[in-house]
Amino acid sequence: LSIQPQVDTEMALAKVQRYTQSFPFSAVLPVQPLQYLPTHEGGVEVLFLRKKTQDKGSVDGGMRFFIIRLDETDKIEIIVKRNSKGQTVSKSFTEKIVVKAYCDGIAGEVDERTGKAPTEYVA
């Protein structure tokens, strides 16, 4: 993301972090049980959940969103890494839906359920 002209870099970073940590991931996948937790560096960890059994734990993979300010530039980078730990069936379709909804939301291209995008700070 590019930081808008005349916008403080730290303010833009904080707005993107706040948007990411408050993004309604559960509204994107209402049938998929999940848990999302803010991380200490401003990102978020999304865990896909399932009913725990004797053979399988309750975590069925997930995703981690990292929000990084690129040094010496007016750019913010968002990195999403998948976590396949605990997956017995690939969640690539589910992950694609989450990433697309997030990208559409932060660009301000979706409805009010995703919250107000920080488009006045970044583009």
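Predicted model: local features only at pLDDT ≥ 70, side-chain atom pairs only at ≥ 80, totals over all residues.
Let me begin with the strands. Strand 1, residues 34–38, and strand 2, residues 44–49, run antiparallel and are joined by five bridges, and together they form a hairpin with five residues between them, where Gly42 in the turn has a positive phi of about 100°. Strand 2 also pairs with strand 3, residues 59–69, again in the antiparallel sense and over five bridges.

A search of the whole structure finds seven aromatic pairs. In one of them, the rings of Phe23 and Phe25 have centres 4.9 Å apart and planes at 65°, so this pair is edge-to-face. Phe23 counts as buried because its relative accessibility is 0%, and Phe25, with a relative accessible area of 1%, is buried as well. Phe25 also forms an edge-to-face pair with Tyr36, at 5.3 Å centre to centre and with 65° between the planes; this pair links distant parts of the chain, as Phe25 lies in helix 2, residues 25–28, and Tyr36 in strand 1, 11 residues apart.

Is Tyr36 buried, partly exposed or exposed? With a relative accessible area of 30%, Tyr36 is partly exposed. One aromatic cluster is formed by Tyr19, Phe23, Phe25, Tyr36, Phe65 and Tyr102.

Finally, a contact of another kind: the charged end of Lys81 sits over the ring of Phe66, 5.7 Å from the centre of that ring.

Notes. Residues numbered from 1 in each chain as written. Heavy atoms only, no water. Pairing = 2+ DSSP bridges. Helix = DSSP H or I, 4+ residues; strand = E, 2+ residues; numbered from the N terminus. Phe/Tyr/Trp six-rings, centres within 6.5 Å; stacked < 30°, edge-to-face > 60°. Buried < 20%, exposed > 50% of the residue type's maximum accessible area, 1.4 Å probe, protein only. Lys NZ or Arg CZ within 6 Å of the ring centre and 35° of its normal.
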